[in-house]
Amino acid sequence: RYLGRESFAHGTYESAHRLVAGEGWAAVLSSTIGMGGSSRHVALWLMPYWRPVAVLTLHHPMFGDASESNEKWLRIAGFGDWLIVESTTRGVGAVNVPELLARWRKTEPPDTEGHRRPMGLDPEADVTWLEPWSGPVTGIDDKLLLAMSSRALALLDDSAIRQLVAAHHPHEETLGAPPG
């Protein structure tokens with residue numbers, strides 16, 4: 001069923017690389033390039049009506065110094081409640097989308113037409129990076145994810161991702177942490 005059309009508006013010469021979907025949401029990995037440099041964006045929408053919820057951005061200035069990160073986001077995967085981001089330097093990142101949607105509904109008040117503005121996400125604070133998995137990720141289906149590294153191969157389901165996220169935040173309530 002045709003539901004509508006979405007235009008990308010994160011910067012100049014934007015190209016979409018991958019669209020993924022989870023339960024009630026969709027995300028697109030895209031890139032932009034302009035006179036200020038290049039960026040990678042992961043935009044998240046609430047489905048089925050393409051309501052923009054959040055954007056995660058990684059910017060590389062055109063004239064940065066040599067100490068700047070050479071990180072790239074290569075791929076994203078949609079996996080039930082999880083948005084997975086594959087980074088060349090940080091490993092695999094996980095975002096619990098239902099918890100992010102709840103935060104969006106609490107923090108972004110509706111405008112006069114009843115719409116909320118999308119949130120800008122911080123790659124440091126809003127994504128749990130699972131450093132040991134610094135290789136490609138592939139969604140096998142809506143229940144299983146394949147993650148590779150130079151030393152290991154893992155087949156992950158929802159409970160495995162929740163355990164990995166909780167292990168990175170043992171003493172605090174975090175996005176994606178299982179109920180205590």
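## Chat about a predicted chain

Reader: What sits over the ring of Trp104?
Author: The charged end of Arg116 does, 5.8 Å from the ring centre. A charge sits over a ring if NZ of Lys or CZ of Arg is within 6 Å of the ring centre and within 35 degrees of the ring normal.

Reader: Where do these values come from?
Author: This is a predicted model, in which local features need pLDDT of at least 70 and side-chain atom pairs count only at pLDDT 80 or more, while totals for chains, interfaces and linings use all residues. Residues are numbered from 1 along each chain as its sequence is written, and side-chain values use heavy atoms, with hydrogens and water left out.

Reader: OK. How many helices and strands does the chain have?
Author: Two helices and twelve strands. Both are DSSP runs numbered from the N terminus: helices are H or I with at least four residues, strands are E with at least two. From the N terminus on, the order is β-β-β-β-β-β-β-α-β-β-β-β-β-α.

Reader: Which residues of helix H1 are buried?
Author: Val97, Leu100, Leu101 and Trp104 are buried in H1, which spans residues 97-107. Buried means under 20% relative accessible area, exposed over 50%, and partly exposed in between (1.4 Å probe, protein chains only).

Reader: Why are they on the same side of H1?
Author: Because they cover an arc of only 100 degrees around the axis. The arc is taken from the directions from the helix axis to the C-beta atoms.

Reader: What do the buried residues of H1 pack against?
Author: Several strands, including S2 (25-34), S3 (37-46), S4 (51-61) and S8 (119-121). Contact here means heavy atoms within 4.5 Å.

Reader: And what caps the N-terminal end of H1?
Author: Asn96 does, with a side-chain oxygen 3.1 Å from the backbone nitrogen of Glu99.

Reader: Tell me about strand S8.
Author: Met119 is in S8, and it counts as buried because its relative accessibility is 7%. Among the residues Met119 contacts, leaving aside neighbours within four places in sequence, are Leu100, Arg103 and Trp104. Leu121 is also placed in S8, and its relative accessible area of 13% makes it buried. Leu121 and Thr57 are 64 residues apart in sequence, but 7.4 Å apart in space, C-alpha to C-alpha.

Reader: New topic: which residues touch the most other members of the largest nonpolar core?
Author: Ala27, Val42, Trp73, Ile76 and Leu83, out of 24 residues in that core. Such a core is a set of buried Ala, Val, Leu, Ile, Met, Phe, Trp, Tyr and Cys residues joined through side-chain atoms within 4.5 Å. S2, S3, S4, strand S5 (73-79), S6, H1 and S8 each supply at least two of its residues. Apart from it lies another core, of 14 residues, among them Leu145, Ala147, Leu156 and Ala160.

Reader: Where is Ala160 found?
Author: In helix H2, residues 158-168. Ala160 counts as buried because its relative accessibility is 18%.

Reader: Last one. How many aromatic pairs does the structure hold?
Author: One. Trp45 and Trp50 form it, edge-to-face, at 5.1 Å centre to centre with 75 degrees between the planes. Rings of Phe, Tyr and Trp (its six-membered ring) pair if their centres lie within 6.5 Å; planes under 30 degrees apart count as stacked, over 60 as edge-to-face and the rest as tilted.

How values were computed: A polar contact is a pair of N or O atoms within 3.5 Å; within protein, one must be able to donate a hydrogen and the other to accept it, and residues adjacent in sequence count only if both atoms are side-chain atoms.
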